[in-house]
Amino acid sequence: MSTIELPGNVEELRSRTRDFIRTTVIPAEPRPGERLDAATRAELQSAAKEAGVFAPHVPQEFGGQGLELRYWSPVFQEAGYSPIGASALNCMAPDEGNMHMLNLIATPEQKQRYLAPLAAGTARSCFGMTEPHPGAGSDPAALLTHARKVDGGWSISGDKRFTSGAEGAAFCIVMARTDAAGGAPAGATMFLVDMDNPGLRIGAPIHTMDRAITGGHPHLHLDNVFVPDEAVLGEAGRGFQYAQVRLGPARLTHCMRWLGLARRSLDIALDRVERRELFGSPMKDLGLAQELIAQSVIDIETSDAIITKAAVLLDTDPRQGSALSSVAKVHCSEAIYRVVDRAMQLCGGDGMSDALPLASYLNEVRPFRIYDGSNETHKWAISRRASSARRRAVDTGEPYLAGLQGEPVGVL
């Protein structure tokens with residue numbers, strides 16, 4: 001992997017992670033298309049702790065490696081070289097995003113109750129925002145789940161779907177619409193809800209093409225679920241703001257993990273063309289194969305560059321970083337898909353079968369163009385931001401450059 005120069009401790013962690021994935025995790029991978037079982041996951045997480053690579057993004061006080069967000073990518077990419085690597089290191093969605101948000105906005109008591117076991121790998125979590133039609137999907141403003149203020153707490157009712165990781169989770173961070181109450185504005189509020197809470201029920205599973213996320217993507221039903229006031233995460237009415245705290249980095253970490261898998265896919269293809277001969281020449285010397293390889297290298301390197309820039313911005317200017325993470329999500333999800341698809345093409349019939357894991361990789365990365373907001377929704381937002389930024393620039397004095405034929409540039 002080509003990387004910028006990293007601080008010594010980060011490079012050491014990246015190197016240890018690389019060795020751990022290749023020597024311990026890859027030999028433990030399930031057959032292509034099968035899920036990682038709980039016993040193997042626990043064994044790998046124990047080994048990751050011993051190797052000093054467990055929970056790279058988690059503060060050291062909670063048992064992690066304390067890595068700054070700007071340096072997550074090199075380590076997450078090494079973890080993502082195996083489809084189960086992030087689970088072994090406890091930096092897989094949705095837990096990774098939930099850990100990050102809890103660390104930033106949870107109270108000390110909430111951190112001990114929810115973040116500590118999550119960071120240790122002894123509990124899993126889920127995030128309840130997506131809803132059945134016509135509720136919230138790519139448009140969070142369509143949120144229908146409602147929480148009303150009652151004596152001593154809140155009562156939550158609504159339906160969620162695609163609640164990734166819900167099966168076997170210990171708790172869910174539920175997004176619900178709330179009315180103005182106690183000085184808090186109307187809007188959305190996040191609640192920490194234990195999965196054994198009366199009134200909360202896991203519904204029908206949703207059978208998807210991906211297998212890497214433990215706990216599936218089922219429906220979740222909340223029928224007058226009572227939670228105390230202490231279950232509010234952050235402040236009431238600020239849920240949409242907190243969602244950006246979570247979703248900006250979470251979009252980017254998906255890019256990091258799947259980019260690692262794209263690198264694995266290209267390596268498989270490179271090994272294949274090194275020893276395969278066609279029409280009297282090694283495949284690596286054929287122009288058509290070289291085109292596929294070159295385009296994949298370009299997709300990987302451009303993805304790496306935009307991830308690196310977005311990660312630095314998320315550390316220094318979260319608003320700009322969140323906007324760029326949206327750009328990264330679109331670019332990387334499409335580029336990574338192309339890399340895996342080309343690798344399958346280079347490997348011919350074996351690429352379509354379970355003789356190689358490439359087909360299962362394609363199943364993992366294809367949903368990323370939908371998950372965390374469809375690419376079309378992100379493109380709509382990216383376009384609006386670009387138009388607004390240019391309009392403000394012109395309004396504040398920059399010349400208007402699209403003058404009509406025969407008119408001086410800058411004249412409307």
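What is the relative accessible area of D372, and is the residue buried or partly exposed?

Modeller: Happy to! This is a predicted model, where local features need pLDDT of at least 70 and side-chain atom pairs pLDDT 80 or more, while totals for chains, interfaces and linings use all residues. Numbering runs from 1 along each chain as its sequence is written, and side-chain values use heavy atoms, without hydrogens or water.

D372 is partly exposed, with a relative accessible area of 24% (buried is under 20%, exposed over 50%, partly exposed in between, with a 1.4 Å probe and protein chains only). D372 sits in the loop between α11 and α12 (375-395) (helices are DSSP runs of H or I, at least four residues, and strands runs of E, at least two, numbered from the N terminus). Although D372 is not a glycine, its phi is positive, about 60°. F279 belongs to the loop between β9 (277-278) and β10 (281-282), and is exposed, with a relative accessible area of 80%.

Back to α11, whose residues are 358-365. This helix gives the most to the lining of the second largest pocket, namely 5 residues (a pocket is an open set of 1 Å grid points with protein on both sides within 12 Å along at least five of seven lines; a cavity is a set where a 1.4 Å probe fits but cannot get out; lining residues have an atom within 4 Å of a point). That pocket holds about 350 Å³ of space (the volume filled by probe spheres set on the points). Its lining counts 23 residues, with R31, P32, G33, E34 and S360 nearest the centre. By class, the pocket lining has 11 nonpolar, 5 polar and 7 charged residues (Ala, Val, Leu, Ile, Met, Phe, Trp, Tyr, Cys and Pro are nonpolar, Asp, Glu, Lys and Arg charged, the others polar).

The whole structure has 3 cavities of 30 Å³ or more. The largest cavity contains about 80 Å³, and R41, M92, A93, D95 and T214 are closest to its centre among 13 lining residues. That lining splits into 5 nonpolar, 5 polar and 3 charged residues. The second largest cavity, at about 60 Å³, is lined by residues including M92, H254, W258, E364, F368 and Y371. Here 7 lining residues are nonpolar, 1 is polar and 2 are charged.

P94 falls in the loop between α4 (85-89) and α5 (95-105). Another cis bond links H133 to P134, where omega is about 10°, and P134 is found in the loop between β1 (125-128) and β2 (146-150).

Finally, take a look at helix α8. With 30 residues (287-316), α8 should span 44 Å at 1.5 Å a residue, which agrees with its end C-alpha atoms being 44 Å apart (the expected span is 1.5 Å times one less than the number of residues). Its buried residues include A289, I293, D299, I300, D304 and L314. The buried residues of α8 pack against α3 (72-80), α7 (239-275) and α9 (318-346) (contact means heavy atoms within 4.5 Å).
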